[in-house]
Structures are given as C-alpha cells and as structure tokens.
Amino acid sequence: MIGIALSLPAVQTRIAKKLMDDINTTYGTSMVVDEVAISIFGGVKLKKVLILDHHKDTLIYANRIKTNLIGLKKVIDGDLIFNDIRLDGLLFNLKTYKKEKLTNLDVFIEAFETGKPSTKPFLMTAREAFISNGRFILTDENRAVPKDVDFTKLNAQISNFKILGPEVQTNINFLSFKDHRGVFVKRLSAAFSYNKKRIRLEDLDLATKESSLKADVQLNYKIEDFADFNNKVKFDVKLKSSSIASNDIRYFYNELGRNLFFNARSRIEGTLNDLRLTDLSLRDRKGSKIAGTLNFKNLFPSKSQQFYMKGKFKSLTTSYDNLVTILPNVLGKRLPEILKRLGNVDLVGSTALTTENIEADFVMKTDIGTLTSDLVIVNMNKSDIAKYVGNVKMTDFDLGVLLDRKDVGPTSSNLKVDGIGFTEKSLNTEVKGEVSKAIYNNYSYSNVTLDGHFKMPFYKGKASIKDPNLVLNFDGLVDLSGKQNKYDFHIVIDKANLHQLHFDKELVSNFKGDIVVEATGNSMDNVFGNIYVKNTTFQNAKKTYAFDDVHISSVFDANNVRTLTINSTDVGQGQVIGKFKFNQLEALVQNSLGSLYGNYKPIIVAKGQFLKFDFTIYNKIIEVLYPEVVLATDARVKGVINSDSKEFKLNVNSEKIIAAGTTLDNVRLAIDNKNPLFNTFIELDSIKTGIYTIRDFSLINVTMKDSLKVRTEFKGGENGEDLYNLNLYHTIDKNKNNVIGFSKSDIKFKNYVWNLNEVDTKSNQIIFDKNLKNFAINDIVLTHEDQEIDLRGLIKGNNYKELHLNFKGVDLKKITPSNNQFAFNGNISGEVNFDQDGLVYKPTASIVVDRLKINDVFFGNLNFDIQGDQSFKKFTIQSNLENDGFESFSTNGHFEIVNKETILDLDIKLDKFNLAFLSPVGGEVIKNIRGLASGNTKVQGTLAKPDINGRLYLEGAGMIIPYLKVDYELADRTIVDLTN
C-alpha cells in the first residue's frame, strides 16, 4: 500500500514540496516545484520549477523539466545526477547586484556550503541536456550599462554537463539564440567552461545569417572586473579563417559601415579598450587588405579617453573611399577629403593614429606616386594649429592631381619639414631639401634646392635651380604680414630657355638677367618702390639683344597722386602720372573709346580716376616682345584719360611699323573726344602688302548723335591709280550689338567707278555682338551700271552659318587685277553659297561666264558647278566650255581634303581646244603659240604633287622663238604624252 501511495503524483508532489521546504529551511534558499512525477524507473517530471536568488528575484525558472535521476541516495546527499534532461521554457537570470562582487548563482551555490571542512561542493551533472524556448540573461548592476547578455529564443543540445561548486563545463553541440542587440546566431558549437577566473570556448564554430566564425576564445578576469568590463576583462582569441559581416559587428560597435564583409585571421589579446591583433590577415570585398599587427585603444571610450590605433603593416591596401566606408564616423569626418585623390594606396611600415595625431613611418604607393614618410603630426584635425615635424620623400608623386592643378605634374623630392598649420593663413614652417623633379607647365624641372622659412604671409630664405634650361638663385624675403607688404629680394637668372620651359612658342627664346625688387605695398594700386633689372640679355631667332639697366619706380605725392616711371636706353622712357586702379585700366580705356558714341553706357568705375601718359617705345623691346613686329624708329604714345570729365586724348606717332608682312609708313593717330571738328584722325603715307599697295591713307571721324561717322580716302594699286572714297558709320543698337554700316561710297578700280550702296539705303550693314561670335550681313551691294555684286548672310557662333555671294552680269575685265600675262573678258553671273548647321555642311557654287575671252581668244560660255559633301571635306566638280553646241573643254571629278592635303581625282577632256591664249605667257622667249589640242587626261594625287596621265593630239600647232628667229610648226596629229 505504501508503494502504491508513493507512486501517486499528488503524493510525490507533496513529498517534494516537503523536501524543498526542508532544504530551504536548512540552507536559506528559495526553491519551489509546483508538480512532481517520479516513476519507479527513476524518471522525473517537474513542472513550473522556480529558484529565487537571495534578493527574491528569479535565478532559474523552467516551465517543464524532464529527466532521469541516477541514485536516490546521491539526491539525498545533495548531488543532482541526471542521465538526460530536457528543459522547456528555461530562464537563467545570472546577475551581480549593486555593491556585490558575487553573482546570484555563486551566492546560491555557497548556500549549500556549511563551512565544515568535510562539506563537499555542490554537484550537478547531466549526460545530455536539451533546452527549448529558453532565455539567458547576464547583468551586472555595478556597470554603467548593466546588461551584458540577454539571449532569447534559445535552443540548445549539450552533453557532459557538469556543475561542481563554482565551476561549469559542457560540450555545446548546438546552440541558437537571438541577442538583445538584434543579432541572431543560428548555430554555435564549442567546448564551454566557466569558473571565477575565466570563460573558455574551445573550437568555437559560430554562424549567423551573414557571418561564419571559427576560433578558440578565452576571457580572463576577476569577478570584480565585470564592473569595468571594457577595461579589465581580458580576451584571448585565436581567430581562425572566418568570414565576418559588418552588419553583425554593428550590433556591438556601430561605428563600422553597413553591408561590408571581411575575411579575417588573427590572434586577438587584451581588453576591448586595449586590444592587440597579431598575425593579422584581413580583407574585404572592395580590395582593402591588412597584413600585420594592430593595437586598438579606447574603442569604447569614456569622456576622458581618446581613440588610438597603432599598426605595423607588412601590407595595407585601401583607398579613401574604403576607409570612410569602413569607419564613416571615426574617419569620415576627420580624414581630409583631398586624400581621396590618392586613389588606391598600398602602405608598408608603421603608423600610430588618434583622432587628432598621427605618427607615420612608412612607404606608401598610391595611384599618383610614392610617398615615404617619417613624420609626426599633432592636432591634424585642426588645420590652423596642426604641428608637424619629420621627413617626407616624394617619388613621381603627382601634386597636380592632389592639388587639382592642371599646370602641375609629378614631383620627386626629399624635404625636411618642421612647422605649424596647413591653411594659407596658419602656415608657419621651415623647409629644407631637394627637389629632383618637378613638372610645371608641362616641363620637368630638376636640381631644385630649398632652404627657407614659410610663415604665411612671410617667406625668407634661399632657393636655387640648376636645371638644364633654367639656372636661377633667389635670396631675400616676401613679407605680407603688415598693413603694407614688403618685398626685398634678389633673383639672378643665369639661364632661362623660355621655349623649352614652355613660356614662349618661339623656338629660340633665351633670357638672362639680374633682378632686384625693393618695394612696399599690398596691392598694385598702392605699391611704391623700385625694380632694377641689370645685365639682361634676350636671344630670339633674329639675334641676341643686350639691355642696359632698366629702372622702374613708383612714388606717391602728398595728394596720393602716383608717378610711375620707366627709364631705359633700350626699352623706352616715359611716365604715367595720375590716380588710377590697375584692375580698372581696361575699363577706363573702354569707357574713353565708348565716349565717342552718344548712346554708350559706360562701365561703372571708381570716381576720381585720371592719368596722363607719355612714352617713347624703342624698337628693341618691341622686337623682343613681338618678333613679327618691327618699329623702324622709335614710337611715341601720349595721352590723357579723365574718368570724371570723360576726357580722352591719344596721340601715336611712328615713322614705320612692319607686321604680318604689311608695312605701314609714317603712322599718325590723333584722338580727342572733346574736339568739335573731329574725334579721330589717322594718316599713313602708305600701306604695303604683298598683294596690294595703299597710298595717301586718311581717315577722319566725328560723333553725330549716337553714331560714329567715318570718312576715309586713299589710293590703291601699283601706281596709285585706284581711288577709294568710303563713308562708314559705327553705332551700338538697342541690343548692345555693334553696327557698321556703309553710306553711299564709290571706288574707282581700273578706271571704272563702282558704287557701294548706290541708293544709300540703311540695309548695307554688318551687325555683330561684342564677343565677335554672331554676325548678320545685310545686303552689302556693289554696283556698276547694270552690274551687281551682293553679299548677305548670318553667322551664329561656330556651328551655324548662312553666307551667299551673288554675281549679276559682272564684267571680268572690270574686277580682275591687271596682269601682263592674262587678260579676261566675259560676264560672270551666278552664286556661291555656304551653309552650316552643326556638323552638317552644304557648300555649293554655280557660276556662268558668258562669252569668255582670255587674252583676246574667244572660248564661248564657261559653266562651273561645285558641290561639297556634309562633312565639308569632299567636293564634286563639273565644268565645261561650250560654243554654239560644241564643247571644247570639260572636267569632271572631285577633290578631297585629307590630313590638310588636297587629293585630286579629275577627268579632263579637250576637243580642239585653242592654245593661242598661252602666247603672252611666253613673253619675249616664245611667241605666237598656236594650235588646237584634243585628248583625255587623268589628274590624281595631291595638289602639290599631282599624278598626271594622258595623251593629247595637236593640230595646226606651232610657236616662234625670236632669239633663234625660227617658227616651229608641228605636224598634225602630233602626240603629246602627259606623265609625271
């Protein structure tokens, strides 16, 4: 009966509760079991098991426990020996209370220790344990952030579980849980052990959705260390080959960027705020990699702590973008964005880095060159007070890319620096060293030595250049620190090949000189002092020019009126006296010229500006500055500009000016906008070009209302027989466009009078904007009797044009220049057109010459048609001579522009073509050239070297050679082969 009673669950529950009461009374614990069921085979089922800690908070709770006890005697002796145990709804709340050192589990276990020497420690074992829907909480109320661990959705299968006093060990075969920070561990296995000095997970294998980690992990500590976990709990991790996602790390350290993946291997030792990574191999999927040793301090800093990283790198490969992506907040707001221009970086060496300071001893290869650094920078995040000292070497390092300067290129240097500041205002540094290579303006300078002190805005020191094309020494100071800047320096240029240095396009351009500057002022408007240029020579293709001393001085009187003087027997002599601003001189000149127009709106300039100038300019300096220009004698320029009174006077005199193949003789220019008779008067004795000569040129103008009226007269032609009487006007319309118009004018050419705008209409105009990009040509008409030449068109920038030139019955004899070898007769009619819209061109010409005669030989009517393709490179020609239905000449084919050469492909046909027109070409050597030519000829190749192949048959051909007194007559059907 007793056995049957003991097998009843209600009896078993009552007995268990009595047993729990006795244990609780004996040991001062608080354990409650709602239901107990024990089978005769040792199976035990417990429901709603609750163990409270010494603060009456939950230590352990299980909704259901199912197990097999091994030996009732062991249970009675206080040992819990289980075979298999299954726990559902388990809660394990491990806590260290405020101002306590032991965890609530340690206190609970110690409750079973009686203090007697023979008392054995608490023992609990299980061969296997299964946990479902569990939760594990680890908190320490002595820490600023009490909660360390809160695992929910915990499912596990463990084996060889053992608690012996304060020590716990087990094999975790499977464990999954969700951390309170958000990461979900879908699989974890390890050999786990715990005691009061360490936690160990051997052969840890952990996997999340994005990460896979394998390691041996050990945490070493004293119990009280958990109160300062980041600084006292020591990690010892042997990280095996693992793949780690930044999204998982961000749950614990949110300074990392998102969606990054790292392959890692390392030995990790130390606390979280003093973490050492040795034998590190770290790579990400964007190409960054680290091989070496790292030491991180203060990853989780307090207010008084500062982030620190020290690395010794066998290799560090990354880029600005990758670094900012990996640590966007730590580095993204502090790394200068200019470093982005380095591109990919490969670094070998050591670096110590905080958010403010850096110690760098490395060789760094970048996309723009190599840097070798042994440098310390303090306060690098504060550009104005940053301090730096050390040595920096550059090897083919492209400063142009770094500084965003197209005129600067790769540089190689070895410089010692010691200074403060990175901005223009704060820079204060000493620089010594050599620059072996520096590319500027597409030239590579070499052998540059620097030894100076930069304290913006102050520089004092020496610099020298011993380059094959530039030998220079600088010694002195530039001090921009005061109210007025001070310049006191000496530059000796022993050699400067300006062409090789790309400052001059002329092949020969060499300069040598000695320059001393002694000046004070903080702008061109108030600078005063002296510039001395001595022992100067300049060589160009013409010759070598030696200059005596040039002295330029600037002084101000008591009324702040400036006198700027230049004195040189070779350059020129003269003065500018007045009050003026250099940056407004162009506007003053433009306003002065504009004052000739009634409707001109002047540029706004400062009031009170005026200047008087009188210069004599010598030919030598003009030849140097403008080799294509020659002044036969000295030129004088004299004038007055007064902005307030709008006064403008200018006088220019030169006996001869030669430029661009044109010679101007005895040039006299006078401008006076206050003169009631004229505003501008220009006289030249002659203008000689290689094609045409102009004599007795005069031009006078006067302003009438809003227009500048111009009258010019001159003679033209070899003997001055052509007469030009032109009336023009210039004004500015309401759209601020320039308008040049032709009033009724006449031109006498070859004793024939041609009229320009004969009926004096307003349409004969050329309208253009001030940028000279858009033009409108409105019917420029030239007439003689019933003959007419008409030009009209429109130009809009570089991509749109409509130009049309029309001829109407124009007698060739009256428009072609006189020539001893050819005289043309006939009436030309037709049009020449040029249209462009973007890249599409349409050039055409259709010309007819009625009754063409050359040298009094009649040919008939000439038809000439040409049409270009849309690319404006290939042109098709069709032309023929026709007389009463008989065609004596024709040509068909095309020519093409290729690489700036004209390529021909023409077929020429002659049929009884009269050769008599060539007689005048023979001059006194060959006369009476006669005969008729028939045949076909092919012309190919370039215009410079044509490939001609054909055969002609001559009839009635002959010529007279007066010197021999022989008249040669060729037999009919004489063959002439045309070849190269």
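Select Ser413 together with Val435, which lies in strand E22: the two residues stand opposite each other. Strands (E, at least two residues) and helices (H or I, at least four) are DSSP runs, numbered from the N terminus. The model is a predicted one, in which local features need pLDDT of at least 70 and side-chain atom pairs count only at pLDDT 80 or more, while totals for chains, interfaces and linings use all residues. Residues are numbered from 1 along each chain as its sequence is written, and side-chain values use heavy atoms, with hydrogens and water left out.

**Strand E22 and its partners**

Next, select residues 408-420, strand E21, and residues 428-440, strand E22; these run antiparallel and are joined by eleven bridges. Two strands are said to pair if DSSP finds at least two bridges between them.

E22 and E24 are antiparallel, with eight bridges between them. Thr429 may be highlighted here, as Phe454 in E24 stands opposite this residue.

Ile439 has Ser444 in E23 as its bridge partner. The hairpin of E22 and E23 has two residues between the strands, and Asn441 takes a positive phi near 55° in this hairpin.

**Two loop residues with positive phi**

Move to Lys99, in the loop between strand E5 (91-96) and helix H4 (104-110). Lys99 is not a glycine, yet its phi is positive, at about 65°. The relative accessibility of Lys99 is 79%, so the residue counts as exposed; exposed means over 50% relative accessible area, buried under 20%, and partly exposed in between (1.4 Å probe, protein chains only).

Now select Glu785, found in the loop between strand E47 (774-784) and strand E48 (787-796). Glu785, likewise a residue other than glycine, has a positive phi near 55°. Glu785 counts as exposed because its relative accessibility is 65%.

**The whole protein**

The protein has twelve helices and 59 strands. Along the principal axes, its C-alpha trace spans about 165 × 85 × 60 Å. The radius of gyration is 51 Å, whereas a compact globule of 980 residues would have one near 30 Å; this quantity is taken over C-alpha atoms, and the globule rule is 2.2 Å times the number of residues to the power 0.38.
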